[in-house]
Amino acid sequence: MVSSQTPSKLDVDIPYHIPDMLSDITYYVYKARHIEKGILQKHVRAYWEPNEYPASIQRIHDWTPDECIPEFYMDSSVFFSIHGDMNHLNTPSWSTSPEDFIAKHMSMLEHSEVSEYLHDWIDINFGYKLSGKDAVRAMNVCRHLVDQHNELVKNGIVQLFNIPHPRKHQLQNISKYPELTNDDQQNVQQIFPASNLKIGLTRPTSLCGEDLHLENLEDLEKLLRFNFVKPYGSSETHSQLNLFPEKKNWSQCNVTQMIADRNLISFVCLTVELFCSVEIQHSKFPLSLADRLSRAVCCLKSAATTIPQTIQTVLDNILNALSESVERTVLHLQELDCMISDGSFYKDSMRRLFKSSDEHFSPTVSLLTTECFRFLHFPDFFETFYTFITDFMEFKEISNSQLFAEEECLYMIETSLVDLLAQIQENCDGINMLLPYLTSFLQQSVVVSSRALVLFFDHVSEALGPTATCKYLLPDVIKLYRQVDACISTDNEDHMICDAVQMLYDKTFFIQLLKRLGLATFLQTFPPLISKCFVELQCHTESQVRCMQWMMNTFGPVLTSKYIIPPLLDMASSLFCLPLKNTREKAMEFILQSLIFALNRYGTLLLTHQYIPHISHSISSAISGISITNTSISVLEASTTLLIHFTSYLKKHQIMEHFDTLSKGIIMPLVGILGSRNVSFLGSKRRKTLCLKVISLLFSITVRIGRDMAQTYLSPIYVSFFSLFSQHSVMWNEDGTSFDKTHTKADIQCLLGGETEESVTFHVREELQEAFCPETAYQAYIHITRFIGEHSMEKILKEHYEVVRKFCTLSKQVTGGNVHQLKSDKIITSVSSTNATIVGNCITMNDFGTAINLKETDELNLKDFVFADMSDDWQAYWEHEVTLSSSNDHFRFKHFNLQQFYGHSAAVRNIFVPDSEQWFMSSSKDKTVKLWSLCDVTKQELQPLFVYDSHKKPLIYTTLVEAYSKVASCDGTLHIWDPFTGQQESKYGSTELKANVTAMEASSSMPHIVLTATIDSMLKVIDIRSDCVAQEYKPTVGPSSGTIRCLCSNNSWAAVGFTSGLISLVDLRMGLMLQMWQGHESDVVASHSITGSSFVTSSADQTLMYWNNQSTVPLLIYNAVPDVVHTVMSYNSEMISGSSSGRISVHSLPAEGFCGDMNKDWNNSTIVTKLHNDALKGSLSAFATLPMKHQILLSSDTGCLKLFA
């Protein structure tokens, strides 16, 4: 069915590289001196202006990218004009006349250097590179072949050949290819006998001139093997191309020969499967070699026209060389599979699959990459790739058995991999072929996979890029981390596994992960992964603690609170589900180390605004369910344990500020659930354990706020807690024994207030007895009474006092102590621990097992913890950010002045922030580029990490080529330098670029490319890898366009803005100017690419426009800003613009594929913020955003540089 779409619509929807092979206007301009004036006026320009036509061959060459027409090789009359007012076409300086030009031009066409690439020209213009994937790779997709037009045309492009055209000199320059061994040369002669095809291996044969006279095209096609070859299985065979001499009897062979034979059959199967992928129905399960051979032979017979004839010839001859029929060979392969499975493959004698053992043919790499096998399209890097894969497979075989000898092999493979990646570079097919082998490397043993990952990750991820790395490598990386954690949990004494942990959790490797994966992916993946390992591991977690602390120190308070602390707090809640107490305590210790490190780094604001609210929320969630589960009890125990430790870091006034949360949100709910008769704790010990933790928590808060404040504010909590002992005192006899052991069930129900056995089960009653026993009462009473005094306790508890004293007496009878000594004991005014047991005048620390002796006249003072408390602006910013959802991607400027960076003495022209948001660069008119850290921004004053001062003029622009970690800075002269060492690597001035640079942009789609615009309105592409000017494009026509002011790029195009208001769109692949239009009435001041097909521009005429690269009409015009916007930047789903008057505007961006909506007023969604007068000294000159942190860097024309939020 023919598509009904119009050609104009298809031009937009269907991508192509070449609109026309040779446009009409080009043809008529070429032959303008021989074509009548009326025809020229119809096709070239409506009015006659002879001076507008190119006056010389040189001008024609500069004017059009199209190649010459045949007349310039054979007809000198095209130089002579038939028009009286048009001069003859001038010849170049190296020719004396048109006839001399034609002769020299023709000789150049027949030159050996041109002839060497003639077949490539045929493939591009008439051959297989006009269709399919080959056309895409060659950037040769022609519009007329893909636009599905349904109208007949008189001219266009026609594809004549479907396979590569042979070279003009078939074996010329054979030294470019790998040298053939003697065996390979014999094999080539057997496949392509020189006697039949007139092709020798030592002397190249010319296809033109006197060496060979061809009478017609049919003879040429036969010579080049373009003739039809009958498929395998036909009656007619190719005896003249037979690989092997006829032998009916098979011969014995060794294992090596059998493997070679099986490889040859695998080669046949793979070739058929590649060319007949549509005809072959692929199985979900891997097939044996015998089944693959049967399927390949059937496909050869049924799909003869699918496989190219030259390849079919080789496959037919290989199959004809089998020692037996295909059916018998299939049976023999099945027997070999059985021998391999039972282990007899290496023991029994075997018969060979092919006829001859002396003239055996094997597809070696050297042979496959020669001229004779050009039809197989092996890439240039294939030999290096094959060598790497061979070494890689050999290493996999020995790595499992020789773990100690593998490290040297790994470094050798790393060296080979670096060389291979340098050859592959941006070849997508090569990287895709390499990926399965590298990912299989991560499926080896934990030790081998860990070493391989650390060695190879940076090289491979650099070649892949962030998106492909997250897609292909990240799942295997996460899986490996989990495997390492599982291995060390079961065998923590294996020093090799411990070494693997050290490598994977090394700070240097984590920096590589952060750089290659991006900040967002890293934060979403690794903090939860490391937090989980605290729960799973029993030891060897020091490395994980160091990594967690490094992340907290690196990412700042906001990202720490949003991405690192929540998983730590969640993992702490799950610790008490672990069966082993030692494991639980060890893991809690490591989690507390990380959480307390954050407190020491950023202050107690994290404790009061994040830790305590999280604990309160966890407790309310745990007790809000219908029933208490094991998980709920674990959450209650973990929350109480955390708060016991955290209260030691709270000051008195902080506790009182958050006393309502502590009392109503944490302590009272805990007391209520402890005394509830409707809830079972799934075991008597767990209720008592939680009760003892609540006692420790009460004592800790009592000590922190002091005696007077405790009597005033904690009295209701004391009464609520000690009243539980009064409620359950009936369960105990006078001698301290349990009441239910000496009374009937009816008596118990009467004592419980008439509650039935169904409402208070036996298990709940047992839990209550165990929790509120005399020993527990004694522990609670003795701690608090020694601090606030017995008289005060009697006054607070009132009617409950006698019950508690009774319980203490019962505890004395059980333990043999003297309760009356309580009155004479010294009252303790302060202690250093919150989980202590007091015996006489000795406080024993239950958590750590240490004892502190108290003298009669001394008091134990609190440890003075020194916190790096944040400034007021940082605290306000932090409190604002932690309340936002992590999915909130809107930017709202709140005027939080976070940090100032001192060092520039003149206007800052440009600021660049990498994706990691850990540092930034600023370039200024003071001729310096400064590198600043964003990790220690809570300090009062920060100095630059490094200053690059090799520029001679004020800086224009600075950017980072992230794939190669190189900085490109420009002051009219482009400098490429290393940000780590400050060493200048290359320099491009007016000599190399032929003019000074006016604008610069690092390509996002081509990470090794830097685009520069020069003062002569040329666009020049600089390749960082080869350190050269790779291309030069002219993005304008005519002299009135002005100078290039700005540029932006995305994928395969670049948008260029001129001082005249013109906008030009250039195809970076072909160098063609796609469109040029008058976008603004004045200078195009700034431009920025938004998506793969859209960009925005701002102008001195105070307009801001949103464009699509397929149209010259703006999709949106923003009119809300009454100033000239000099900086534009995208921020998630929004766009931020800044003007010199200090106005920062946040604009809504349309969705991908937006085509214009005139009914919606996009200006109403713009939020404009005016900087305060004292916020920034001077006029706003540049800014840069930090999307993950919701921050913005602002600079002024006075050199002031500040961080805001």
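Four strands form an open sheet in the order β6-β33-β32-β31, with antiparallel pairing; strands are DSSP runs of E with at least two residues, numbered, like helices (H or I, at least four residues), from the N terminus, and two strands pair if DSSP finds at least two bridges between them. Because β6 (897-901) and β31 (1180-1186) stand at the edges with a single partner strand each, one side of each is left without a neighbour in the sheet. The twist averages 20 degrees from one strand to the next; axes are lines fitted to C-alpha atoms, for helices over the stretch in contact, and angles run from 0 to 180 degrees between N-to-C directions. The model is predicted: local features need pLDDT of at least 70 and side-chain atom pairs count only at pLDDT 80 or more, while totals for chains, interfaces and linings use all residues. Residues are numbered from 1 along each chain as its sequence is written, and side-chain values use heavy atoms, with hydrogens and water left out.

Within this sheet, β6 pairs with strand β33 (residues 1201-1204) in the antiparallel sense over four bridges, and Gln900 stands opposite Lys1202 in β33. Helix α41 (residues 872-882) lies across β6 and β32 (1191-1196), running at about 130 degrees to β6.

Strand β33 also holds Phe1204. This residue is buried, with a relative accessible area of 1%; buried means under 20%, exposed over 50% and partly exposed in between, with a 1.4 Å probe and protein chains only. Phe1204 and Leu898 are 306 residues apart in sequence, yet 5.5 Å apart in space, C-alpha to C-alpha. Leaving aside residues up to four places away in sequence, the residues that Phe1204 touches include Phe893, His895, Phe896 and Leu898, as well as Ala1175, Ile1192 and Leu1194; contact means heavy atoms within 4.5 Å.

A second open sheet of four strands has the order β27-β28-β29-β30, again with antiparallel pairing. Its edges are β27 (1125-1131) and β30 (1167-1170), each with a single partner strand, so one side of each is left without a neighbour in the sheet. Neighbouring strands here are turned by 20 degrees against each other on average, direction ignored. Strand β29 (residues 1143-1148) pairs with β30 in the antiparallel sense over four bridges, and Ile1144 stands opposite Thr1169 in β30.

Elsewhere, Leu118 is found in helix α8 (residues 118-125). At 30% relative accessibility, Leu118 counts as partly exposed.
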